[in-house]
Amino acid sequence: MLPPPTRRPELRRRADTHQWWALLFMELERAADPQIAEPMAAYMRNKFPFLGIKTPLRRSISMPFMRATADDPLDWEFVESCWEQPEREFAYVACDYLNRHQTQLTPADVPRLRKLVQWDSWWDTIDVLDKFVGYIVYRNPEESDTMRQWARDPDMWIRRVAIGHQRRFREDTNTDLLEDILVANFGSDEFFINKAIGWALREYSKTNAPWVQDFVERHRPDMSALSIREGSKYLTEPHSR
């Protein structure tokens, strides 16, 4: 069984300089349940400790604080303070906070998001952060060149964000950009890359199945079996948007 969560003193002091941070942190710590924390950590391969707070409860605790700060400027110091906490739920709170402040994101925030992508990287946060990167690219198409660079980055998680950043674009998907990014990642032996390629294709097939079918047929010899299987899922099965 995991020990009760503890807070490093320097982080506690930092939170105490912002009253609402301190209150939120205390409310989350008060809700900690070590019996729930253990299987949550196991599900994430014990890469991170957990408080043991399931998503509905976590959001019910954080919602009053989110609402109270909804009209404030995006506070990157709060986001990074959450990420500094050892228990994973704090990063999830930061993601919820970013979601509420998404419309404030600009290209100037791309380096900050990149920092989060590379900070305690795992799929649970990566597949949320790609949404915020995607929002910036959608609003600022010139950032597409940044995604082309990320698609070739040595860091697997940076590449995964580039692969998935258009998953929610539907009919606004830039297919030239999508193809360039996916092709750049062919030949990888990384599960999380090949899965992401398939996931990106699967999501776009809900909007444009013929394009995805053509893509898979043209690139089949270079694609992993996993990417083909995931990307083709809705080409033969019914789906709803």
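Biologist: Which helix gives the largest share of the lining of the largest cavity?

Modeller: Helix H12 (residues 191-205) does, with three residues, where a helix is a DSSP run of H or I of at least four residues, a strand is a run of E of at least two, and both are numbered from the N terminus. This is a predicted model, in which local features need pLDDT of at least 70 and side-chain atom pairs count only at pLDDT 80 or more, while totals for chains, interfaces and linings use all residues. Residues are numbered from 1 along each chain as its sequence is written, and side-chain values use heavy atoms, with hydrogens and water left out.

Biologist: What makes this space a cavity, and what makes another a pocket?

Modeller: On a 1 Å grid over the protein atoms alone, a cavity is a set of points where a 1.4 Å probe fits but cannot get out, whereas a pocket is an open set with protein on both sides within 12 Å along at least five of seven lines; a lining residue has an atom within 4 Å of a point. The structure holds one cavity of 30 Å³ or more, and the largest cavity has a volume of about 40 Å³, a volume being the space filled by probe spheres set on grid points that are joined across faces, edges and corners. Its lining consists of Ile163, Gln166, Arg167, Thr173, Leu178, Ala200, Glu203 and Tyr204.

Biologist: How many residues of each class are in the lining of the largest cavity?

Modeller: There are four nonpolar, two polar and two charged residues, where Ala, Val, Leu, Ile, Met, Phe, Trp, Tyr, Cys and Pro count as nonpolar, Asp, Glu, Lys and Arg as charged, and the others, Gly among them, as polar. In the largest pocket, the lining has eleven nonpolar, three polar and seven charged residues.

Biologist: What lines the largest pocket, and which residues lie nearest its centre?

Modeller: The largest pocket holds about 370 Å³ of space and is lined by 21 residues, with Thr55, Arg58, Arg59, Tyr92 and Asp96 nearest its centre. Two or more lining residues come from each of helix H3 (34-43), helix H4 (55-68), helix H6 (88-100) and helix H8 (123-139), and H4 gives the largest share, six residues.

Biologist: Why does glutamate 179 count as buried?

Modeller: Buried means under 20% relative accessible area, exposed means over 50%, and partly exposed lies in between, with a 1.4 Å probe and protein chains only. Glutamate 179 has 18% relative accessibility and therefore counts as buried. This residue of helix H11 is in contact, meaning heavy atoms within 4.5 Å, with Trp211, Phe215, Arg218 and His219 once neighbours within four places in sequence are left aside.

Biologist: What makes the pair of tyrosine 138 and phenylalanine 169 edge-to-face?

Modeller: Rings of Phe, Tyr and Trp (its six-membered ring) pair if their centres lie within 6.5 Å, and planes under 30 degrees apart count as stacked, over 60 as edge-to-face and the rest as tilted. The structure holds 15 aromatic pairs; in this one the centres are 5.2 Å apart and the planes at 70°, which is edge-to-face. Tyrosine 138 belongs to helix H8 and phenylalanine 169 to the loop between H10 and H11, 31 residues apart, and the pair links these distant parts of the chain. Tyrosine 138, at 39% relative accessibility, is partly exposed, whereas phenylalanine 169, at 12%, is buried.

Biologist: Why is the pair of tryptophan 157 and phenylalanine 192 called tilted?

Modeller: Their ring centres are 5.0 Å apart and their planes meet at 45°, so the pair is tilted. It ties together parts 35 residues apart in sequence, because tryptophan 157 lies in helix H10 and phenylalanine 192 in helix H12.

Biologist: Which arginine lies over the face of tryptophan 199?

Modeller: Arginine 167 does, at 3.8 Å from the ring centre; a charge sits over a ring if NZ of Lys or CZ of Arg is within 6 Å of the ring centre and within 35 degrees of the ring normal. Arginine 88 lies over the face of phenylalanine 48, at 3.7 Å from the ring centre.

Biologist: Why is arginine 170 called partly exposed?

Modeller: Arginine 170 has a relative accessible area of 42%, and it therefore counts as partly exposed. Its phi is positive, about 55°, although it is not a glycine, and its place is the loop between helix H10 (156-164) and helix H11 (175-184).
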